[in-house]
Amino acid sequence: MKTMIKIQYLALASALLMLAASCAMAPVPAAVMPDLSAKADGEYTGSYDGGLVKATVSVTLAAGRIASIRIVKHDCSPIGKKGEAVIERVVQRQTLQVDVVSGATGSSKVLLKAIETALSGNPQA
């Protein structure tokens with residue numbers, strides 16, 4: 001009987017480990033700030049899919065600077081919502097090289113990559 005309980009316990013533990021591993025977020029590469037000097041004023045939209053965390057942002061450029069960033073969509077956990085604080089940091093510092101939010105690192109990085117994608121594209125017509 002004890003052997004059967006041990007086997008069931010090991011099977012359950014293995015299943016939980018596999019489930020946790022399948023939910024792990026893939027590493028998100030560091031965001032790279034595109035050169036804004038040649039970018040036209042306007043609104044740029046970009047998205048990034050980090051697996052468990054996904055984001056779409058709209059970035060407004062004015063006079064060669066980031067005037068504002070709006071989160072269009074941010075699919076994440078409730079804890080990941082804290083990562084949205086990186087938006088204000090980017091606008092204030094005018095760079096993607098900002099500190100991520102502790103406890104919401106994945107969401108922070110996905111939002112930064114979405115901003116990079118937006119700024120690397122063409123403005124909306």
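The expected span of a helix is 1.5 Å times one less than its number of residues. Helix H3 can be checked against that rule below. The model is predicted. Its chain holds three helices and three strands. Along the sequence they follow the pattern α-β-β-β-α-α.

**Chain overview**

- The chain has 125 residues, and 32% of them are buried.
- Of the contacts between residues at least 6 apart in sequence, 51% join residues at least 24 apart.
- The chain exposes about 7,600 Å². Carbon and sulfur atoms supply 61% of that area.

**The sheet**

- The three strands form an open sheet in the order E1-E2-E3, with antiparallel pairing.
- Strands E1 (42-49) and E3 (65-75) stand at the edges with a single partner strand each, so one side of each has no neighbour in the sheet.
- From one strand to the next, the twist averages 20 degrees.
- E1 pairs with strand E2 (residues 54-62) in the antiparallel sense, over eight bridges.
- Gly46 stands opposite Val57 of E2. Gly42 has Leu61 of E2 as its bridge partner.
- E1 and E2 form a hairpin, with four residues between the two strands. In the turn, Gly51 has a positive phi of about 90 degrees.

**Helix H3 on the sheet**

- Helix H3 (residues 105-120) packs on the sheet and touches E1, E2 and E3. The direction of H3 makes about 45 degrees with that of E2.
- H3 has 16 residues, which at 1.5 Å a residue should span 22 Å. Its end C-alpha atoms are 22 Å apart, which agrees.
- The buried residues of H3 are Ser107, Ser108, Val110, Leu111, Leu112, Lys113, Ala114, Ile115, Glu116, Ala118 and Leu119.
- E1, E2, E3 and helix H2 (86-93) are included in what covers these buried residues of H3.

**Ser107, a buried residue of H3**

- Ser107 is found in helix H3.
- Is Ser107 buried or exposed? The cut-off for buried is under 20% relative accessible area. Ser107 has 4% relative accessibility, so Ser107 counts as buried.
- Leaving aside residues up to four places away in sequence, Ser107 touches Val53, His74, Cys76, Gly80 and Gly83.

**Helix H2**

- Four residues of H2 are buried: Val86, Ile87, Val90 and Val91.
- These four cover an arc of only 140 degrees around the axis, which puts them on the same side of H2.
- An α-helix has 3.6 residues a turn, so residues three or four places apart point the same way.
- Which residues are exposed on the face of H2 turned away from its buried side? That face carries Gln92 and Arg93.
- Cover for the buried residues of H2 includes E3 and H3.
- Just after H2, Gln94 takes a positive phi of about 60 degrees.

**How the parts meet**

Key: Residues are numbered from 1 along each chain as its sequence is written. This is a predicted model: local features need pLDDT of at least 70, side-chain atom pairs count only at pLDDT 80 or more; totals for chains, interfaces and linings use all residues. Side-chain values use heavy atoms; hydrogens and water are left out. Two strands pair if DSSP finds at least two bridges between them. Axes are lines fitted to C-alpha atoms, for helices over the stretch in contact, and angles run from 0 to 180 degrees between N-to-C directions. Contact means heavy atoms within 4.5 Å. Buried means under 20% relative accessible area, exposed over 50%, partly exposed in between (1.4 Å probe, protein chains only). Accessible areas come from the Shrake-Rupley method with a 1.4 Å probe; for residues, only the protein chains shown count as cover. The arc is that of the directions from the helix axis to the C-beta atoms.
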